[in-house]
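This report describes a protein complex, beginning with a single residue and its surroundings and moving on to the chain as a whole.

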Amino acid sequence: MNITFTHEQMALQREVRDYMSILMTDTMREEMKDPEHFEGGGPEFRRLMKKMGKDGWIALSWPKEYGGREATPIEQYIFTEEVMKAGFPYPFLTTEAIGPVLADHGNEMVKKKVVQGILDGEVVIAIGYSEPDAGTDLASLKTRATQQANGNWLINGQKIWTSLANFSDYIWVAARTDQDAAKPHKGISMFLVPADNPGFSHTAIHTLGVRTNATYYQDLELSDEWRVGEINKGWGLITGQLNRERLSLVNHGPVYQLYQEVAEWAAANKNSGGEQLLNKAWVRGNLAKVKTGLQALRLICLKQAWAMGEGTLTMEQASAAKVYGTEFFVEAYRLLLEILGHNGLIQADSPGAILKGKLEHRYRVGSILTFGGGCNEVQREIIAGAGLWMPRGR
Amino acid sequence: MNFSYDENQLEIKQLADKIFSELANDERQKLVDASGSRFDPELWQQLAESGLLGIAIDDSYGGMGFNFESLCLLIEEAGRYVAPVPAIHNLVSAAMPIQRYANDAIKEQYLGPIANGKTLVTATLANDNSLNAIQNSNGDWIIDGHISCVPYAVYAQAVLLSATSEQGLVILLVELNADSKTLTLVEQQSTACEPWSQLHLQQHPIAAENIIASGDKAAECQAWAQQLTIAAQCAMATGLSDKMLRMTAAYTSQREQFGRPVATFQAVGQRAADGFIDIECLRLCTQEAISLLSHSVDNSNQSVINEAVTIANIWCGDICHRLSQSSQHLHGGIGVDRDYPLHRYCLWAKQLELSLGSSASSLEQLGDQIAAEFA
């Protein structure tokens, strides 16, 4: 056992860090102040994505035939961490979750147009899974796709929490294609819906943290070439990437960076009684609790990335990481915000905001993850079943 | 980066599992418990004969010459069975500092017999400064004071201790000679029935060659031995907690109430899943600490090691407590019945939780380390 990076991995870390420090421009930071563009989509975001594509970063973990560097999951994890720490709204789900599925299951047109577009930094894809009545129980989705006599599909339904759909080029839509399937998940197919299709529309949902969307598919006619994978076999395409997706939700880097920033802030600031904050026992205690949790998170993430490379990642491990990481985030934001105190609640760009109001924003966004990406109670059921062999109830 | 164990290590794990399953199973442990003292000499001899007591002892002294990480695999398995043997005290807290800091004569005298199970050496290395040492003009030493909770002293031939002196800290080996008029042992019973003793030393003479380290070296030796001991305790806690959780999952899967297995109640499954996540955190933080302690060649990353060990100790205290309580609770009445093996795990968990620093004191220590880093 040896839990340290190799020299090559450390070199990659430096390479990405240096690259991102130059890539992340003031224009980009300015653009992200607009809530519409906090998660990307503005002109500077588009420009920088193309640059990252041209410089070969998007294809980092991709096979050579796509011009990739065939990075291992650990190297990809290092990349993800540095990109997240830089604060760039990189569309990981497009490049790491959907992209590889399209490369594996898409037809030549999809590969040429969409996959190449992703790698060139010109395509962003939103995920259309959840519906108003199908959240954690995704297989109960009702959006319907019916094949017409001419082979085209007619899609009708509504999706919710379709993040990035307000600027995405495509929506990756799960739709029911067999109403009578023996089991609900056996009647689902996957489609790539171009966002400029006249049957597609969206409205904004403003959450506590970020903007997301409700998306509508009204008599949306789609040529069969936009279907990905076999008819009624869509479920496998959804679940195939879930473990990888769960890992990308709980990256250690951004919270570690916040921890450092808060510790530095506590070293440089005094409380109202004139005492150095870092000298207060409770401040040290909060930092120690965050550091203790961070250490476990870092190791969980690295072990999963390693296990992914070895092909030994289990469901229960992926679920454990998701539950632990997301609940730790919530706790860490609280502990760190306690150190900043009342002034920590001043919003970014308001006079007197501390650490650019980052924690004020993070705690609002943080609550999404415990139920998003697979609700934590369901993850715990997976752990009890797959990890501890306990029988499931109803 | 590699999270797997090599072949030799996996063999150690398997061998330990085989011996413990034969000689530390529930039936045998009931006999040991009935004896009133949790030490099983036959099991200890079996471990010696299989070579496992010498895992981390140099081959020149008859050991296998593997590293600390390999030794911790034996310790983790000992935890999985709450094996009634002084694995940590003897093989980690005593043997490792002797091997690294003692003179050749002491190494010659003790390491071989430790590896072949003929001699048991124990250790007490907490920073309580309750022993005082004075050096004579002839170079020998006189020790005064008393300490508590010396594990397995009644079975040990010697105990490794620290004492304060005018020259600073000294680490010394005190032979536990029954006829000595200046040394008295008073037996104590720990919560887990581990044989403990109070050790009283009155003007007790120690030969100069029994001084293992003094001055700066002594502080270094004590800190290092404490870190190894904490990491080994964390490894033991990992095996122990994991087994508690597995027992709980198995028991609730067959125990029926309201016409169905208790495990099918969501609240039960959720609480067990929390235990699974807890143990994963403890295991990984422990592996990190052990890996750093095993592979560091110099002191260049000392602060990283300090931090990793302290963090592992925090997890150890928290998880020992949480898993012990949730396992008892999910078992219901049988979990506290002394006829059912879980009780041994829970008692041992409490002991690991408080040995060499609780979670709370370790958190304070970590907070101070962080403050020093950012100040």
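The phi angle of L164(A) is near 75 degrees, which is a positive value in a residue other than glycine. With a relative accessible area of 16%, L164(A) falls under the 20% limit and therefore counts as buried.

A positive phi value also occurs in chain B, where phi of F258(B) is near 55 degrees; this residue, too, is not a glycine. F258(B) lies in the loop between β9 (256-257) and β10 (260-261) of chain B. Is F258(B) buried or exposed? Its relative accessibility is 77%, so F258(B) counts as exposed, the limit being over 50%.

A further residue of chain B, Q226(B), belongs to helix α7, which comprises residues 216-254. Q226(B) has a relative accessible area of 14% and is therefore buried. Which residues does Q226(B) contact when its neighbours within four places in sequence are left aside? They are L125(B), A126(B), N127(B) and L356(B).

The relative accessible areas of these residues are set out below.

| Residue | Relative accessible area | Class |
|---|---|---|
| L164(A) | 16% | buried |
| F258(B) | 77% | exposed |
| Q226(B) | 14% | buried |

Attention now turns to chain B as a whole. Chain B contains eleven helices and ten strands. Its radius of gyration is 21 Å, close to the 21 Å that the globule rule gives for 375 residues, so chain B is as compact as a globular protein of that length. Taken along the principal axes, the box filled by the C-alpha atoms of chain B is roughly 80 × 55 × 40 Å.

Of the 375 residues in chain B, 58% are buried. Among the contacts in chain B with a separation of 6 or more, 73% join residues 24 or more positions apart. The accessible surface of chain B amounts to about 14900 Å², and carbon and sulfur atoms account for 49% of this surface. Chain B carries 21 positive and 44 negative side chains, and the centres of these two sets lie 10 Å apart.

Finally, the confidence of the prediction may be stated. Chain B has a mean pLDDT of 95, and 99% of its residues reach 70 or more. For the complex, the predictor gives an ipTM of 0.95 and a pTM of 0.95.

Key:
Residues numbered from 1 in each chain as written. Chains lettered and ligands numbered in written order. Heavy atoms only, no water. Helix = DSSP H or I, 4+ residues; strand = E, 2+ residues; numbered from the N terminus. Rg over C-alpha atoms; globule rule 2.2 N^0.38 Å. Buried < 20%, exposed > 50% of the residue type's maximum accessible area, 1.4 Å probe, protein only. Contact = heavy atoms within 4.5 Å. Areas by Shrake-Rupley, 256 points an atom, 1.4 Å probe, with all protein chains shown as cover. Lys, Arg positive; Asp, Glu negative; His and termini not counted. Charge placed at Lys NZ, Arg CZ, Asp CG, Glu CD. pLDDT = per-residue confidence, 0-100.
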